[in-house]
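Subject: Structure handover

Hello,

Here is the structure I promised you. Please open it and keep it beside this email while you read.

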Amino acid sequence: REVLEKHFNVQCSLPSVDAHFTSPSVLAWLKKMTLSYKLERGEDFLEVISREAGISVNKGDENDLMQLATLCASSPLAIASHDFLRADEAIYIYGNQAFLDGFGYEWDEFVELPSSKCVETDTEVEERQKLLDNIKDAAMSKTQSNEVDRYDNLVRVRKDGKKILLKGVHLWNVWDISENLDDARAKVESGAIKPIGQAVWISNVEYLD
């Protein structure tokens, strides 16, 4: 708590978060997510989600991943990521509490869930895959821009089968890169490396049913 009060200039203290949100594997993945966001979007992920959530942040040690993990976990914005490493299809590897609540899952089941399960019909699966492929192709072809940064009015399905509407959907690729972003950008643009996953933050989740 003392560390959080030192680094975050907020009127109310941030809540404690469950241990799985700050495990070593989650911290490592969050670092990849944030470096990749900086690579593709040119912005600091911590600053973006703080601004969008209306929280004023005084950045301290920029290597303090625990700080980032706590803010992500407790953010009112829905944040999630899937990876391409564990199976032939993308599997969720991270979801903050807002995302878990919105989609109706517990952490343990969520991080083993194919991300395609968030849509129902074959047509919706195909449309969702095209959207994700567009994000990947845009980065590989140097055409990443604000035009593919945000999507609105995406309908998804919760675990209980009820529909939800996603607004302000911001997608990006996750790369296995170091903090040398110039080197990473050269590797991405040359095709020397491929995305190992993708991530999203969502401004608003509305229940339709």
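A residue counts as buried when its relative accessible area is under 20%. Keep that cut-off in mind for what follows. One caution: this is a predicted model.

Start with phenylalanine 110. Its relative accessibility is 1%, so phenylalanine 110 is buried. Tyrosine 105 has a relative accessible area of 13%, so tyrosine 105 is buried as well.

Now the aromatic rings. How many aromatic pairs does a search of the whole structure find? The search finds eleven. One of them joins tyrosine 37 and tryptophan 172 in an edge-to-face arrangement. Their centres are 4.7 Å apart, with 85° between the planes. This pair links distant parts of the chain. Tyrosine 37 sits in helix α2, residues 24-41. Tryptophan 172 sits in strand β5, residues 163-174.

Tyr105 and Phe110 belong to one aromatic cluster with Tyr92, Phe99 and Phe103.

Last, look at the backbone of asparagine 153. Its phi is positive, about 60°, although asparagine 153 is not a glycine. Where does asparagine 153 lie? You will find it in the loop between β3 (150-151) and β4 (154-157). Asparagine 153 has 48% relative accessibility, so it counts as partly exposed.

Best wishes

Definitions and conventions. Residues numbered from 1 in each chain as written. Predicted model: local features only at pLDDT ≥ 70, side-chain atom pairs only at ≥ 80, totals over all residues. Heavy atoms only, no water. Phe/Tyr/Trp six-rings, centres within 6.5 Å; stacked < 30°, edge-to-face > 60°. Helix = DSSP H or I, 4+ residues; strand = E, 2+ residues; numbered from the N terminus. Buried < 20%, exposed > 50% of the residue type's maximum accessible area, 1.4 Å probe, protein only.
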